[in-house]
Amino acid sequence: MSAIYLDHNATTPLRPEVAEAMHAAASRLVGNPSSTHRLGAQTRAAIERARVQVASLVGADPAEVIFTSCATEANATAIVAACADASPRRRELLVGAADHASILESAAAWEERGWSVVSAPVARQGGFDPDALRAQLSERTALVSLLWANNETGAIHPIAELCAAAKAEERAAGPWIHVDAVQAAGKLPLAFGELGLHSLSLSAHKLNGPKGVGALVLARGVPFVPFLRGGPQERGHRAGTENLLGIIGFGVACALAEDELAARAERYAALRDQLWAGISKRIAGTRRNGDPHSTLCNTLNVTIDGVDGAVLLEALDLEGVCVSAGAACASGSSDPSHVLLAMGLGLAEARASLRFSVGVGVDERQIERVIALLPDLVQRVRGGARQ
Ligand code: PLP
């Protein structure tokens with residue numbers, strides 16, 4: 001039985017073009033990119049090509065891209081740099097209540113050191129209100145961190161408006177503005193250069209690149225204190241020999257994502273809408289979480305009354321269908337999604353929710369199969385819950 005993979009917000013399969021580029025580089029490139037001899041220069045040139053590809057996808061200058069081991073590291077790096085650069089009167093971090101754990105846990109670590117963390121609430125539909133955000137800013141705010149799009153609900157935030165609200169003061173004097181664009185990249189057009197942000201984070205494995213490589217995009221001229229210290233790699237911004245093959249794969253994945261952005265958005269949205277139409281028609285007591293007009297093209301988060309999402313997930317898995325009952329990093333725990341709770345769903349509703357996320361390789365037949373399977377599985381799980 002081949003799996004029907006509807007968990008592309010957790011991670012995505014490698015595109016063959018990406019695997020081929022990585023494979024070719026693995027046997028061809030031997031030098032350390034920091035070496036000044038010809039073999040080092042060849043490796044360095046491959047990294048610089050990838051830097052151009054990554055920068056192009058997000059509308060940044062290549063010199064603004066710093067490769068990291070993942071987006072978790074990029075997020076932590078931004079927070080460390082923002083805190084290190086803040087004036088002593090700025091000791092507050094403003095983070096979204098529905099942000100990814102990599103932001104929330106990094107912020108919590110600063111809280112343990114005596115900083116305050118203020119949580120920006122999300123509305124029932126999963127969005128932020130720029131006026132509410134502006135009201136939470138103060139002269140104590142050192143960092144504002146926002147998700148461009150939420151990993152669990154797909155809620156797309158009005159980043160341009162939110163950034164304008166957060167930038168009440170000139171960049172040098174105001175808070176550091178960081179945006180986690182991990183889920184938005186490859187699904188939405190991004191224009192880093194136009195937003196006046198300080199930094200933005202990306203992850204290769206969310207856009208059909210390899211796992212274990214990410215990037216922090218850091219605006220030119222922003223004072224920066226590195227998180228990892230050591231050698232002079234990444235122009236002194238991130239020490240450690242670069243993940244050469246990962247970076248090459250990341251670059252190719254970004255180039256493909258840029259070329260295919262509009263086509264993917266259309267295709268994914270059609271698959272997601274097909275799935276929701278089937279679920280809502282065939283299963284009573286279902287609700288879509290988030291504003292359908294402002295949701296990532298590939299994401300569907302659904303509450304199915306009377307089910308335990310974790311049990312339904314297992315039942316689907318036995319049928320070869322892979323979905324998520326929250327963020328991948330939270331799987332294995334029975335904690336309900338903090339994102340859905342932040343949106344005001346009750347515990348039972350949050351526990352009764354599943355996330356379906358489509359991507360490359362998903363087709364209409366697979367979606368039909370899931371729609372055909374779900375009603376019986378839901379009935380069984382609902383029956384089990386009543387016993
Ligand atoms: N930010 C968001 C919104 C994510 O969805 C994820 C991964 O789930 C991350 C950050 C962390 O990315 P990585 O796996 O590259 O550390």
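In this predicted model, helix α3 meets helix α4 through T72, N75, A76, I79, V80 and C83. On the α4 side, the contact is made by S102, I103, S106, A107 and W110. The residues of this contact divide into 7 nonpolar and 4 polar, with no charged residue. Helix α3 spans residues 71-85, and helix α4 spans residues 101-112. Their axes come within 9 Å and cross at roughly 35°. The crossing of α3 and α4 is right-handed.

Leaving aside residues up to four places away in sequence, I371 touches Q274, L275, G278 and R282. Of these contacts, R282 is 89 residues from I371 along the chain.

Rolling a probe the size of a water molecule over the atoms shows where empty space is left. The structure holds 2 cavities of 30 Å³ or more. The largest cavity contains about 70 Å³ of space. Its lining is made up of 14 residues. T12, K187, K206, N208 and Y268 lie nearest the centre of this cavity. By class, the lining of the largest cavity comprises 5 nonpolar, 6 polar and 3 charged residues.

Note on methods
Residues numbered from 1 in each chain as written. Predicted model: local features only at pLDDT ≥ 70, side-chain atom pairs only at ≥ 80, totals over all residues. Heavy atoms only, no water. 1 Å grid on protein atoms, 1.4 Å probe; cavity = no way out; pocket = protein on both sides within 12 Å on 5 of 7 lines; lining within 4 Å. Points joined across faces, edges and corners; volume = space filled by probe spheres on them. Nonpolar A, V, L, I, M, F, W, Y, C, P; charged D, E, K, R; others polar. Axes fitted to C-alpha atoms, helices over the stretch in contact; angles between N-to-C directions. Helix = DSSP H or I, 4+ residues; strand = E, 2+ residues; numbered from the N terminus. Left-handed = near helix turned anticlockwise from the far one by under 90°. Contact = heavy atoms within 4.5 Å.
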